[in-house]
Every structure is written in structure tokens, then in C-alpha cells.
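This report describes the fold of one chain and the setting of one of its residues.

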Amino acid sequence: MLEVNGLTGGYGDKPVVRKLDFKVQKGTFFGILGPNGCGKSTLLKLITGVLEKQAGEVIIDGKQLEAYDRKSLARKITLLPQQPESSFSYTVKDVIEMGRYPHKKGLFHFYDETDERKVNGVIRLLNLEKYAALPLPSLSGGEQQRVYLARALVQEPAILLLDEPTNHLDISYQIEMMKQIKGLAREKGITIIAVLHDLNMASLFCDEILLMSEGEKVSLSGPKQALSEGNISGVYNTPLMRRDHPTTPKPLITFDFQEKGNWSHNDELVSYKESEEVITISAEGFMKTLTTSEKEEGFSWEKEFKFVKQSQEPVILRSDDNFFFASDNRPSLKRGRLLTDDNNQLLIIKNSRNEIAVLAIFIDGFLQESDFFRLLAKIGRWIGENPYTENKEEEPVIVLAASQRKSEENRSKNALILSLKKLITYGISLELNKEV
Amino acid sequence: MRNSFIRSITSKLKSKTAVYAGMVLLLAVAFFAGISAGSANITARDILFTIVSIFPWAGTEAQVDPLLAHIILEIRLPRVLLAVFVGASLAVAGAAFQGLLRNPLADPYTLGASSGSAVGAVAVIYFGLSLPMLGMLTLPVVSISAGFLTLILVLAFARMVQRSLAVETIILTGIIFSSFLGAVISLFIALSGDELRQLIYWLLGSVGMRGWNHVYIIIPFFAAGFLLLLIHWRELNAFVFGEQSAHHLGINVGRKKVMILFAASLLTGAAVAVSGTIGFVGLVIPHFVRILWGADHKHLIPLSAMAGGAFLVFADIISRTIIAPGELPIGVITAIIGAPVFGLILISKNRGKLA
């Protein structure tokens, strides 16, 4: 659909876009990413002929860009700007009708039934019926952007370029807009080329991503390869972190935000409190937490861990800062015991049947996510192998929490595992032995 | 509240015919009022019969006092017609400049075109020029040419500054040229002796005592400029959303922009040539029309023409009756009415009540 070969162009002597090659297949959602000033917007200007290129070629639908006259080019390719400004007020329908311009010939441009049908079709498609007769400025930013999208669609382009289309919109409009555009690419076979800033939006919606830096191509591939931690951290010159999206097989990008001063140097990581109903473990700062409780999903950051001693419903309640854990319709909890070694703490809570109901480990140190899983597996094995706990019906809920503080002396992972094994074995025997 | 808003908009759209009818009526009222107002007492019946009697096939023998008929045909009628065409030209040019430059404050003066015309006219008066073959047409011809020349210079200069001819560059260049030409006019005034009163009077603008010649001069220019702009209504609408946006709609931005500028300066130059500098018509009238009937240039241009024509006729009536038998320059009246009205429009617009 679109082919760019050795494209070079920009302002003055120093080209902003340098020797760029890429191809976009029909119906693809093609994202262009890169830091500010990397030449994304210039690239769009070169593709649409707003800016004259200095070298290379742009081939649209098998024909050189130069071979098109203005109107026929506008029937092939158009651009949805960030937010076109208008000092005067038009009705929504007036604005959308303007999109028929490239399809009209002659001096007087009579607007006929075909035009009317197409305009109404797009108005319906984008759910703009109730706004059609309103003046454009009376609409919100998101609705206005939809009107401009409608105008672009009425042009019936084969390629729709987007320049940061969701820049001014709140998250709900961003998602709605991107979904709508993605749907167009799929249903109408319109090729979408979008300059995006939001890496996560790009990851979720793009089929292919062109990553640019200083006017040159860094990578061109699907989101998984293009948005590798190395690629994006290098291009944006910022340590970025990549995770996987919880429900969609796409990468999720975020960054390391080290908040200092959360922790002061106390002897103990967490402290134990107990009331009639609840056992509360309070930490000084947030701890990254993983638990085997069915009610929790993946990792979370917690400051308080509450265990309800007596409860009917198997629930974990979560308020903003609290990890609120209610024992299921199991026997009620007894008083817990908090053990401490050099760096870690262990909480064991037994139930009324004298089984271990909760085993919570609090670690002062930094753990990778993979460390959490390895530890969890090991703890499970230790419990299974322990003479006091083997062959027990009831499996304890395991809570694993780490302060994620990076200390100066880097303790080896093996040392941590060894000391935890010691602590847990000791804790279990202490708890269960005594009762026997 | 939304609903009533929608209803008022739809009723506005449905009544487009009513709007045009009302505007024609307003223009007719202005026309008759303009002819009858003055020291000689003229009735609508006199006017009708006199005008009909011009046409030989009408067959009505003059039932009007020949003196009155002379006043109507040779003094009042050309004066009113001149006011209509000058007002219409300025308003249409203003509408076009505002749309093209996306600037509600643009008007025929912004681009320096009218300053250029004024310098041409002032030079003719100051030097007492009379070109062979042209005679009394020297002033309008020189004036229109000077206006054009200025516009071409402005565009050439703007292109030198920035090849893409961005709107902001054009406006800035226009302002620079206007200031410079304004200084040239002041220089003429400072150096003038006997011609001073004539110069000042011409600069303040007037549609009086010009006769049919001036009407004949402005009509072709008006027709050409008006038609050119009218067929570019779609392009003008598109330009309102920015040049790049117009480009993406498939508009040949460079060519259409020059075309619209050309047409609008044709109108400005012709108006300035026949009536002097009359301010605020090009600024206020398009605003007013836009607020009442929307920004769509398909209607904005013809409605502005009619409103501008009627407005200038009324302004002319005031200028020659308020201190009768004396006469005020019409530019004074348009500015005295126009400036405060424009201020009010700005205030209410910014408060979101209108527009």
C-alpha cells in the first residue's frame, strides 16, 4: 500500500529524516514511535507531500507520490491532525461534509445524494447523529476529535495517517478512539499509520511498529520485538521496564520510579498487633507481595497485612493500603507468632485445629519476580518435606513480601534461601512441636 | 437546554430562505431611504417612477418633477449605489481575509492592500496628476494599481521570509507594509499645503459627489472579486481549519490562497479607489453575519455583501443628515459605530454568549 525507499527530508541543510525504508501492507495498523524530535512528524509531512522530500521515493498504491494531483492524493491518503484549531464555528455536519471536497469536480461542487448518503453513513458509524446539527465548539475535545475522524473517513482514503490522535483525550476517549480506528483498519481495510507517544497504546493496537531515533530506523517489527527493553530504553535514553499485559499477549511498558525515604532503619521489618477480630502486621514501607491465596491476583504492593480471625466469607478485602486477609470458611485463627532472624521475619498463624493456616515471610531485600516464584516453589517443598506438616490436608496460605530495598552488601540469593529454610523449619517445628 | 439549542439551530438552518429574503428587504429599505433622505423631499413613489422611466420600454411618461428626477438620477442614485458596492466589496473582502488567515481580526487593511491604494490616491491628489487618456479616472486607476502592487510586494516579501507563505508571516508582513505606507501618507499630509483639506477628506472616505463614473468603475471589479470568492467557498471553509488541514482535504493550498488573496484585494483596491479609506466595514460586518448565521462561506459571502451594502448606505445617510446641511466623512461614522460594536462582539463572544 505504502512504500518508502531511502526517504530523506527536513528543513534546511540537516535532514530530519534520513534514508528511511519501510513498507506498510494494506489494512495494517502501523505505529511510528520515537522520542521527541526524532522526525516522526516530519516523516508524516513527507509522506503527505506537505513538505518536499530531498531524496528517496514515496510510493502510494504503486504510484509515485509526485504522480498524484492534490485531489486524487487526498482520495488515497489523508491525515487526522492532533487538534485542528478553528476560530469560527461550524456545525458538526458542515465540518464532516468538507471531507467530500476531493471527490468533487468543477467550479461549483454540487453536493449530491451520494455525498449525503456517505456523510450520513459515517455520522452513523461514529455515533455522531445527536451532534450533527450542533456547532463544533460546543462539543468536548474527544467528541470534536471524532468529528475530524468522520471528516477524514468521508474522504474515503485508503491510508489514514494519525498524528498523536489521542493526545488531549482522557483515557476513556483514548481507548474508544483507538478501538474505533483499529476497527476501521480491520473492517474497511483502511491502512492506518499512526504517530504515537504512548508506548502502551502502541503495544496494544499496532500490528507493526517502526521505532525511530534521530531520523533513522531503529527497528521495524511487531510490538513484542520492537518494544524490547533494550530497544526502547536506548531510543528514549531512559531506563524503561517491560512487563507483559495481564490479559492480552502484548508488552506493557513502565519505568523505574525509586521512591526514597519510605523506609527508615529500624530493627524490625514488620510489627505484630492483635485485636479481638484481627491480626495486623504493619510494615514501615510498601512491600512487594505475592500470595498463594485464591483471592489475590499476581503481585501487589502492601503496607499492612490483616488477617481476620473469625469470618464467614472467604474474602480478602483490599482498601488502598491494606492487604486484608480473611481466612476462608476454615476454622478460626489462633494467635500468630512472629519470628525474626538477621534480615527476614516469619509469621506463622495456626488455626483452631492446630494446623498452620498462614505462613508469611517478610524479606528485607530486593527480589526479582522470578525469585518470588522460585522461593514460593521452595517453600512449598519445605512444607511438604517437613515431618510436622507432610500429608496434611490443609495447605497453608503462603504470603511472600519483600521490601525491595537494595542494600549495599549484596547478599547472595543462595544465602537468602538457606537462611529462609532455616527460619521456616525452625518456625514450623517450634509451632507444631510445642502443641504435641 | 441542549434540546432548545438544537431546535434553535435547526430552525436557523430551515429559515435560510427567510434570512435571504430579510436581507434583500433590508437592502431595499436602505436603498429607498438612501435616495429619499436629504434636503429635497423625495417620496418612494417618486423614486419608483423615476427609476422605471429610465427604461425606454416602460412607457411611463415622467410624472415626476424633472428637478427631482435629476436629483434622484444624477446625485442620489449613484451615491446610494456606490455606497452599496463599496460596502459590499469591503465586507466580502473582510470575510475572505478572515477566513483565509483564520484570524477574526483580519480585514482589508491587514494585508496593506488598502494602504497601498490610499498612497496611490494621495499621490494623485498631492501631485495633481492627470494621466493622458484617463482624465478623471486617473485617481481610481492609479489607486487600484497601487493596491495591487502593494499586495504583490507583501506576498513577495512574505515568500522571501518564509517559502511556505504561512498565514502568520503574511499578516506580519502586511502590518509592516501598512505601517510604512501609513507613514508615507502622513508625509504627504505634512508636506501638503492647499491640497490638505482635500487629502484629509479623501482619506476619511466618502461616497458623495462621485457621480456615475465611480459606480461604473467599481461594478466590474466587484463582480469579478465577488464571483471569484463565491466559487471558492469550499476552499475558504477548509482554510478556516488551517492550511495543513486544507492540504489533506485535497486543496492546492498555494494556488487557492493566491487566488483568494487576489480576489479580495481586487475588491479592496476598487473600494478604496472610489471612496477613500472607510474602516470597520470589513471587520464588523462579516463578524456580525457569522454570529447570526454561521461561518459557512457559502452563505457568509453573499450575506456579508448585502449587509455591508445596507450598512454603508445607512452610514452615509447619517453622515449627510446629522449635521445637515454640512456633511461628515463616512469613515468617521463607520468607525464611531463600528469600533464599539466590535468591542461588544468581542466581549460577548469571549463570554461564550454568542458564536
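Which backbone oxygen lies 3.0 Å from a polar atom of the side chain of B:Thr334? That oxygen belongs to B:Gly331; a polar contact is a pair of N or O atoms within 3.5 Å, in which, within protein, one must be able to donate a hydrogen and the other to accept it, and residues adjacent in sequence count only if both atoms are side-chain atoms.

## Basis of the model

The model is predicted: local features need pLDDT of at least 70, side-chain atom pairs count only at pLDDT 80 or more, and totals for chains, interfaces and linings use all residues. Residues are numbered from 1 along each chain as its sequence is written, chains are lettered from A and ligands numbered from 1 in the order in which they are written, and side-chain values use heavy atoms, with hydrogens and water left out.

B:Thr334 is found in helix α15, residues 330–350 of chain B (helices are DSSP runs of H or I, at least four residues, and strands runs of E, at least two, numbered from the N terminus). The residue is buried, with a relative accessible area of 0% (buried means under 20%, with a 1.4 Å probe and protein chains only).

Beyond its neighbours within four places in sequence, B:Thr334 is in contact with residues including B:Ile278, B:Phe280, B:Phe311 and B:Ala339 (contact means heavy atoms within 4.5 Å).

## The chain as a whole

Chain B contains 15 helices and zero strands. Of its 355 residues, 54% count as buried. Along the principal axes, the C-alpha trace of chain B spans about 60 × 60 × 40 Å.

Among contacts in chain B with a separation of 6 or more, 76% come from residues 24 or more positions apart.

Technical notes: Buried < 20%, exposed > 50% of the residue type's maximum accessible area, 1.4 Å probe, protein only.
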